[in-house]
Amino acid sequence: LELSQIPRAERMAMVRTWVQDRSPAAFSTSPYLWEAVREWIAKRYSLSPRQIGLSGSAQIGFSTHPRKAFAPFNKNGSDLDLYIVSDSLFATLEREANLFVSRQMSAGKSDFVEQADTTSRALARGYVDIRHVPARDLYPTCARLKNDASIIIDKLKLAGFNLKPSHFRIYRDWSAKAAWTNIQVNSWAS
């Protein structure tokens, strides 16, 4: 059944059932490893493991990006698109991201103007994508998350994964996460 044939009002229910609420494809043969990753992140940020998830090919098993033409998740070359839903973590990152944006926009010349613009648009949608904010002393939480993503990738090598550098996206709340997922789902159905 094609996604475009599912009524728009029912698409998110289908996505929750078959995508978000199941073990990620990347960990289909080792679901407890995924739970160990979630527990580790949860402890580091005082969260519940249920606030942590994966999106993209690591979650569903293949890329939905048009340029990647449904390429399957590959534990020897794909990345992990990790996300966290937390209003308190988002609030901290929002301050750091706004500082980054204001510093770049007020600079006479900056190599990060495009990243700052992307970050500003993401904030308006209720999330921060840490790959767009540099890991610097001015942005300590962002730097910590980037470091933690690297630690996860490094530790997963012990389990046979050889992944590309990965990142976190932090959502303000589940409504912001659902809104972004809805945008993606509707683009897949087009």
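In this predicted model, four strands make up an open sheet with mixed pairing, and their order is β1-β2-β4-β3. The edge positions belong to β1 and β3 (127-129), each of which has a single partner strand, so one side of each has no neighbour in the sheet. On average, neighbouring strands are turned by 25° against each other, direction ignored. The strands β1 and β2 run antiparallel and are joined by four bridges. Ser 55 has Asp 81 of β2 standing opposite.

| Helix | Lies across | Angle |
|---|---|---|
| α2 | β1, β2 and β4 | about 125° to β1 |
| α6 | β2 and β4 | about 130° to β4 |

The nonpolar cores come next. The largest nonpolar core has 37 residues, and those touching the most other members are Ile 41, Leu 80, Ile 84 and Phe 168. At least two residues of this core come from each of the helices α2 (31-45), α4 (87-106), α5 (113-124) and α6 (140-156), and likewise from each of the strands β1 (52-55), β2 (81-85) and β4 (167-171). Leaving aside residues up to four places away in sequence, Ile 41 touches Ile 52, Leu 82, Ile 84, Ile 152 and Phe 168. A second core of seven residues is separate, and among its members are Tyr 83, Ala 122, Tyr 171 and Ala 176.

The helix α5 can be followed in more detail. This helix has twelve residues and spans 17 Å from its first C-alpha to its last, close to the 16 Å expected at 1.5 Å a residue. Which residues of α5 are buried? They are Ala 116, Thr 119, Ala 122 and Leu 123. Viewed down the axis of α5, the buried residues fall within an arc of 120°, so they line one face of the helix. Glu 114 and Ala 124, on the other side of α5, are exposed. The cover over the buried residues of α5 includes the helix α4 and the strand β3. Just after α5 comes Gly 126, which takes a positive phi of about 90°.

Ala 122 is one of the buried residues of α5 and is included in the second core. The strand β3 stands at an edge of the sheet and is part of what covers the buried residues of α5.

Technical notes. Residues are numbered from 1 along each chain as its sequence is written. This is a predicted model: local features need pLDDT of at least 70, side-chain atom pairs count only at pLDDT 80 or more; totals for chains, interfaces and linings use all residues. Side-chain values use heavy atoms; hydrogens and water are left out. A nonpolar core is a set of buried Ala, Val, Leu, Ile, Met, Phe, Trp, Tyr and Cys residues joined through side-chain atoms within 4.5 Å. Buried means under 20% relative accessible area, exposed over 50%, partly exposed in between (1.4 Å probe, protein chains only). Contact means heavy atoms within 4.5 Å. Two strands pair if DSSP finds at least two bridges between them. Axes are lines fitted to C-alpha atoms, for helices over the stretch in contact, and angles run from 0 to 180 degrees between N-to-C directions. The expected span of a helix is 1.5 Å times one less than its number of residues. The arc is that of the directions from the helix axis to the C-beta atoms.
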